[in-house]
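Reader: Before we discuss this chain, please show me its sequence and its structure. I would then like to go through the model by question and answer.

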Amino acid sequence: MVGLATDQFDRFSRQVLQQRNAADLRIAVIAHPLGGISASAAQDRITPQVFDAVVGAFTEADAPVTASR
């Protein structure tokens, strides 16, 4: 399983996961904001590192926990 968070909410997301005993959930971090931008601008934020983190979370047991934008 993998979660997505924007860089503005990365730290908060990890705090919430810690409180919910889910700190081992992988998070792919993408550039903020996502709302209020065009679909093509949002798509541009899916960098190769983010893509690899998401795919790796589903295919590799030792995939990186975090991918940055």
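**Burial, helix and loops**

Author: Of the 69 residues of the chain, 32% count as buried, where buried means under 20% relative accessible area, exposed over 50% and partly exposed in between, with a 1.4 Å probe and protein chains only. This is a predicted model, in which local features need pLDDT of at least 70 and side-chain atom pairs count only at pLDDT 80 or more, while totals for chains, interfaces and linings use all residues. Residues are numbered from 1 along each chain as its sequence is written, and side-chain values use heavy atoms, with hydrogens and water left out.

Reader: Which pattern does the chain follow along the sequence?

Author: The secondary structure comes to 3 helices and 3 strands, taken as DSSP runs numbered from the N terminus (helices H or I, at least four residues; strands E, at least two). Read along the sequence, these elements give the pattern β-α-β-α-α-β.

Reader: Which strands do the buried residues of H1 pack against?

Author: Helix H1, residues 10-19, has Asp10, Ser13 and Leu17 as its buried residues. Seen down the axis of H1, they fall within an arc of 60°, so they line one face of the helix; the arc is that of the directions from the helix axis to the C-beta atoms. On the other side of H1, Arg11, Gln18 and Gln19 are exposed. The buried residues of H1 pack, by contacts (heavy atoms within 4.5 Å), against strand S1 (2-6) and strand S2 (26-30).

Reader: With which residue does Arg14 form a salt bridge?

Author: A salt bridge is a side-chain nitrogen of Lys or Arg within 4 Å of a carboxyl oxygen of Asp or Glu, and by this rule the count comes to 1 salt bridge. Arg14 counts as partly exposed because its relative accessibility is 28%. The closest N and O atoms are 2.7 Å apart, and the partner is Asp10.

Reader: Leaving aside its neighbours within four places in sequence, which residues is Asp10 in contact with?

Author: Asp10 lies in helix H1, and it is one of the buried residues of that helix. Once the neighbours within four places in sequence are left aside, the contacts of Asp10 are with Ala5, Ile27 and Val29.

Reader: How far apart in space are Val29 and Ala53, C-alpha to C-alpha?

Author: Val29 has its place in strand S2, and it counts as buried because its relative accessibility is 7%. Val29 and Ala53 are 24 residues apart in sequence, and their C-alpha to C-alpha separation in space is 9.3 Å.

Reader: What phi does Asn21 take?

Author: Most residues other than glycine have a negative phi, and most peptide bonds are trans. Asn21 lies in the loop between H1 and S2, and it counts as exposed because its relative accessibility is 74%. Although Asn21 is not a glycine, its phi is positive, at about 55°.

Reader: What is omega for the cis peptide bond that joins His32 and Pro33?

Author: Pro33 has its place in the loop between S2 and H2. The peptide bond joining His32 and Pro33 is cis, with omega at about 0°.
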